[in-house]
Amino acid sequence: METARSADGTVIAYDRAGDGPALIVSVGAFCTRQTFVAPDALRQRFTVVTYDRRGRGDSGDTQPFTAEREYEDLAAVAAAAGSGPPFLFGHSSGAAIALRAVAAGLPSAGIAAYEAPFLNEDAPRSAIDPAARIRELVSSGRRREAVEFWMSEVVRLPQQALAQMQGAPWVAALEPLTPTLPYDIAVTDGGVPTAELGKITAPVLILGGKNSPGWFQRSVGEQAAATPGAKLTMLDGYDHNAPPEVLTPLLTGFFGGHR
């Protein structure tokens, strides 16, 4: 483990593995730096850097939080990784961070963004403010309920999947990360940020799953349309989660053309 210090002084923990130009991985909700395990084929081409977003794993969580802190955290890891502007891969809210950080001025050799969950009119919405509800549940010590609320009202898991959560040990493993869920909401707030995406000059690959809900497919299409020169690739047979082994040839192919 190594550490970087963000602009507000927060310590951000990261690991690096492999050889070649830096490829920083920014993960989504309920994920830590151990979530994305880089296959050998990726580590043979890049120095893969995975980091704990603030409030997770070994990273700090200085308050007050704003979405901009997440972009600064990524910039701090990029500076610590060295070797020039890094490649970036982001998944879900981590993809939103990668795109918005570069739009805000972070130099990057290229970005691959898998289904940043910027909402649109087709997306289902909770009847209450999800960030406020999660903060309420966490502050009252009801973290399991916060996990269940996220899965039912934000992720919208089907009822059968929700029923299988009852007593499942993996639910308890997610409870320590519930205070960071409002951060995931903050970095994706406001719909597709077309004006921000229009500022990006780095090469961009927008990824999505053909099995994802229609609103997700619309969102990634709008993201690609708003980003100058972006390439859109939809993966057959996958939804919001595609494994690293499937993503690796896409990443090596796209980034390899911009080294």
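How do strand 5 and strand 6 pair, in the parallel or the antiparallel sense? They pair in the parallel sense, over five bridges. Pairing here takes at least two DSSP bridges between two strands.

Some ground rules. This is a predicted model, where local features need pLDDT of at least 70, side-chain atom pairs count only at pLDDT 80 or more, and totals for chains, interfaces and linings use all residues. Residues are numbered from 1 along each chain as its sequence is written, and side-chain values use heavy atoms, with hydrogens and water left out. Helices (H or I, at least four residues) and strands (E, at least two) are DSSP runs, numbered from the N terminus.

Back to strand 6, residues 110–114. Glycine 110 is the bridge partner of phenylalanine 87. Strand 6 also runs parallel to strand 7, residues 204–209, with four bridges joining them. There, isoleucine 111 has valine 204 as its bridge partner.

Is strand 6 mostly covered or mostly open? Mostly covered: five of its five residues are buried. Buried means under 20% relative accessible area, exposed over 50%, partly exposed in between, with a 1.4 Å probe and protein chains only. In a regular strand, side chains alternate between the two faces of the sheet. Gly110, Ala112 and Tyr114 sit on one side of strand 6, Ile111 and Ala113 on the other, and both faces are covered.

Now the largest pocket. It holds about 1300 Å³ of space. Of its 46 lining residues, the closest to the centre are Ser92, Trp150, Val155, Phe216 and His240. A pocket is an open set of points on a 1 Å grid over the protein atoms alone, where a 1.4 Å probe fits, with protein on both sides within 12 Å along at least five of seven lines; lining residues have an atom within 4 Å of a point. The volume is the space filled by probe spheres set on the points, which are joined across faces, edges and corners.

Which helix gives the most to this lining? Helix 5, with four residues. Strand 5 (87–91) and helix 10 (214–226) are among the elements that each supply at least two.

Last, two loop residues. Threonine 227 lies between helix 10 and strand 8. It counts as buried because its relative accessibility is 3%. Its side chain reaches the backbone oxygen of glutamine 223 at 2.8 Å. Leucine 177 lies between helix 7 and helix 8. At 8% relative accessibility, leucine 177 is buried too. Its C-alpha is 8.1 Å from that of cysteine 31, 146 residues away along the chain.

Conventions:
A polar contact is a pair of N or O atoms within 3.5 Å; within protein, one must be able to donate a hydrogen and the other to accept it, and residues adjacent in sequence count only if both atoms are side-chain atoms.
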